[in-house]
Amino acid sequence: MNTVRMGLIGAGGWGSMHARTYAGMPGAELHGVADADPARAKALADKHGARAYASTDALLTDPDIDAVAVVTPDFAHDEVLLAAARAGKHILAEKPLAMTVGACERIVTAAEESGVMLMVDFHARWSPPLYKAWEAIREGEIGAPRHVYYRLNDRIFVPTEMLPWAGRTTVLWFVGSHAIDTVRWLIGDEVARVYAVSRRGLLQGRGIDTPDYYQSMLEFRSGATAVIENSWILPNSMPNIVDVKCEIVGDEGALYVDQSHNRALEKYTGTTGSYPDVFVMPSIYGAQCGFAADSIRHFVDRVREGQKPMISGYDGLMVTKVICAIEESIRTKQPVDLD
Ligand SMILES: NC(=O)c1ccc[n+]([C@@H]2O[C@H](COP(=O)([O-])OP(=O)(O)OC[C@H]3O[C@@H](n4cnc5c(N)ncnc54)[C@H](O)[C@@H]3O)[C@@H](O)[C@H]2O)c1
C-alpha cells in the first residue's frame, strides 16, 4: 500500500493533533473525520481538506478508508473499537485501550478475527530520553533493572479546564496507562502484584468526581519493583503541563530521565516563566513533530508495509489488567496478585 487513507474518529483536542500529523505525513492521507458532534467533525475535516461523515458508522462503511484512529474519550473507546475491527479497518487506538478487562479482550479477539492490525498509542516508547534508557538496559549497561520510580503528573488544568469528561475517567487511566506501559517496556517484564493508595477531595471540591492522585507499587515477575505516581493536582504555576521523571536502578548502574523540566528551553516573558515542550508535540516550521507524531508514523508505516506494529492490543490489555488490579487494591487496602 503506497498511501494509508486514515479515518479519524474523535475530533477533539488530541484528535486535532492526529489530524495535523496525518495531513503532513508522506504515506498517509487524512481521508475523513467523524465525531459524535458532526459540526466538530466538519470543522476539523474542512481545515485539512478531508471528508466529514455524519456518523462513525458512515466512516467505517466507506471502502476508501484503510485504517482508523480512535480518539474518543477514555470511556468511549470500546464500542467504536469493536465496530472498527468488525468493519475490517486497521486500528490505532488511543490509550487506554478500554476501561475493563472484558472489553479489552473482546477488542483484541475482534481484531484477530478480522485480521486487522491493532496498535495502542503508548507513544512514550518513542520518547528520545526514555528510548535511550531502554536501549542502555537492553545493551546491559546497568545490569538487571532492580527498582524504578516513575512519575507522570499533570497540572490541575487538565482535569479542571482541558477535559470536560475528567469525572468519567481518572488520572490513572489518563496518564497512568502510559506510565504502566512504559515501565513494563523498560523492565521487559509483566506485573505480578500491585499495592496502591489513592486520595480524593481537592477535585471533588471543584465538582469533579475523580481521585486527586495515585501512588502504586508494582512487583514484576522477575522480582524487580516500581513505584508509579500519577497526580492531577499540580499547581498551574508549574513550568510544564506535564511532569515526567523516571529513575531506573540496576545491578550495575542507574539511569535518570527528566523529560519535562530538563531546561532544554527556558522561556521567560514579562509575566511568566516556562519550559516549553520540545519532545512530545512541538510544531517545527508548521510540521507536527515530536514523539507523539513518531508513534503515529510508526503505525502508518507498519500498515503500509503490512507488518505488525511494535505495540499490540495485548499491551493495552495488560495495562488495563494492572489498572483494574490497582483499583481493587485501593478498594480492599490489600496487595492484589495478577494472573
Ligand atoms: N496519547 C496521549 O498522550 C493523549 C493525550 C491526550 C488525549 N489522549 C487520549 O485521546 C482521547 C481523546 O482525548 P481528547 O483530549 O481529544 O478529548 P476531547 O474531549 O478533546 O475530544 C473527544 C472527542 O470525541 C468525541 N466523542 C465522544 N464520544 C464519541 C463517540 N462515541 N463517537 C465518536 N466521537 C465521540 C467528542 O465529541 C469530542 O470531540 C482519550 O482517550 C485520551 O486519553 C491521549
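Visitor: What makes helix 8 and helix 11 count as being in contact?

Guide: Contact means heavy atoms within 4.5 Å, and on that basis Leu172, Trp173, Ser177, Ile180, Asp181 and Arg184 in helix 8 meet residues of helix 11, including Tyr314, Met318, Ile323 and Glu327. Helices here are DSSP runs (H or I, at least four residues) and strands likewise (E, at least two), numbered from the N terminus. The model is predicted: local features need pLDDT of at least 70, side-chain atom pairs count only at pLDDT 80 or more, and totals for chains, interfaces and linings use all residues. Residues are numbered from 1 along each chain as its sequence is written, and side-chain values use heavy atoms, with hydrogens and water left out.

Visitor: At what angle do helix 8 and helix 11 pack?

Guide: Helix 8 (residues 171–187) and helix 11 (residues 313–332) pack at about 115 degrees, with their axes 9 Å apart. The axes are lines fitted to C-alpha atoms over the stretch in contact, and angles run from 0 to 180 degrees between N-to-C directions.

Visitor: Why is His261 called buried?

Guide: Buried means under 20% relative accessible area, exposed over 50%, and partly exposed in between (1.4 Å probe, protein chains only). The relative accessibility of His261 is 17%, so His261 counts as buried. His261 lies in the loop between strand 12 and strand 13. Leaving aside neighbours within four places in sequence, the contacts of His261 include Met238, Asp243 and Tyr275.

Visitor: Is Arg206 buried or exposed, and how do you know?

Guide: Arg206 has a relative accessible area of 52% and is therefore exposed. Arg206 lies in the loop between helix 9 and strand 9. Arg206 and Thr160 are 46 residues apart in sequence, and 7.9 Å apart in space, C-alpha to C-alpha.

Visitor: What makes strand 4 and strand 5 a pair?

Guide: Two strands pair if DSSP finds at least two bridges between them. Four bridges join strand 4 (residues 67–70) to strand 5, and the two run parallel.

Visitor: Which residues of strand 5 are buried on its two faces?

Guide: His90 and Leu92 are buried on one side, and Ile91 and Ala93 on the other.
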